[in-house]
Amino acid sequence: MNKYKFSFVTVIIIAAVVSRFVPHPYNFTPISAIALFGGAYFSDKKLSFIVPLLAMFLSDLYLGMHSLIPFVYASFVIIVFLGFQLRDNKSITSIAFASIIGSVIFFVLTNFAVWVVSNYYPKTIEGFIACFVAAIPFFHNNLFGDLIYTAMLFGSFKLLKNYIPKLEEVKIEN
């Protein structure tokens, strides 16, 4: 890995870890955006998965582990796969659509996990519905955070490549 790529990836991981410690609304973090961005741009597919998962793991070491972590991490793995679909079409529309789909995936998978793993809701269709209804107020933070961080990551990288020619050497783009 060349020094530009290493520096870029390191900055993303540090920013993601730090973002989980600064005050923010629930579910308003850049992790989904980083997973989507990595899938879209990192030529090393392993790195696409490592960056968001490492950021989560490092911060979870301090914030604490819980029974939903496998589902949370799985949602980010799926979002990386969404990012792979953007490799040949990084239009504003396709990026925004992928970000929205990523938010929905996170919402569905993690709330399904709450219903399955926790004892908060009965294991009935009524309990399932109650679980998802209770989560709706948190979805808008997730959606807006994903859209904002996705726009920031994809947009700033596009701008940076225009002004810093050395970033072309990073070769994180296919």
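**Exercise 1.** Which helix supplies the largest share of the lining of the largest pocket?

*Solution.* The model is a predicted one.

Step 1. List the helices that take part: α2 (31-41), α3 (45-63), α4 (69-84), α5 (92-117) and α6 (125-163) each give at least two residues to the lining of the largest pocket.

Step 2. Pick the main contributor: α6 supplies seven residues, the largest share of that lining.

**Exercise 2.** Describe the space and the lining of the largest pocket.

*Solution.*

Step 1. The largest pocket holds about 970 Å³ of space.

Step 2. Its lining is made of 33 residues, and those nearest the centre are Tyr 26, Asn 27, His 66, Val 72 and Phe 106.

Step 3. Sort the lining of the largest pocket by residue class: 19 are nonpolar, 11 are polar and three are charged.

**Exercise 3.** Find the helices and the central residues that line the second largest pocket.

*Solution.*

Step 1. The space in the second largest pocket is about 300 Å³.

Step 2. Of the 14 residues in its lining, Val 11, Ile 12, Ala 15, Leu 153 and Ser 156 lie nearest the centre.

Step 3. α1 (3-19), α2 and α6 each provide at least two of the lining residues of the second largest pocket, and α6 gives the most, with six residues.

**Exercise 4.** How many residues in the lining of the second largest pocket are nonpolar, polar and charged?

*Solution.*

Step 1. The nonpolar residues number 13.

Step 2. One residue of this lining is polar, and no charged residue is present there.

How values were computed: Residues are numbered from 1 along each chain as its sequence is written. This is a predicted model: local features need pLDDT of at least 70, side-chain atom pairs count only at pLDDT 80 or more; totals for chains, interfaces and linings use all residues. Side-chain values use heavy atoms; hydrogens and water are left out. On a 1 Å grid over the protein atoms alone, a cavity is a set of points where a 1.4 Å probe fits but cannot get out, and a pocket is an open set with protein on both sides within 12 Å along at least five of seven lines; lining residues have an atom within 4 Å of a point. Grid points are joined across faces, edges and corners, and a volume is the space filled by probe spheres set on the points. Helices (H or I, at least four residues) and strands (E, at least two) are DSSP runs, numbered from the N terminus. Ala, Val, Leu, Ile, Met, Phe, Trp, Tyr, Cys and Pro count as nonpolar, Asp, Glu, Lys and Arg as charged, and the others, Gly among them, as polar.
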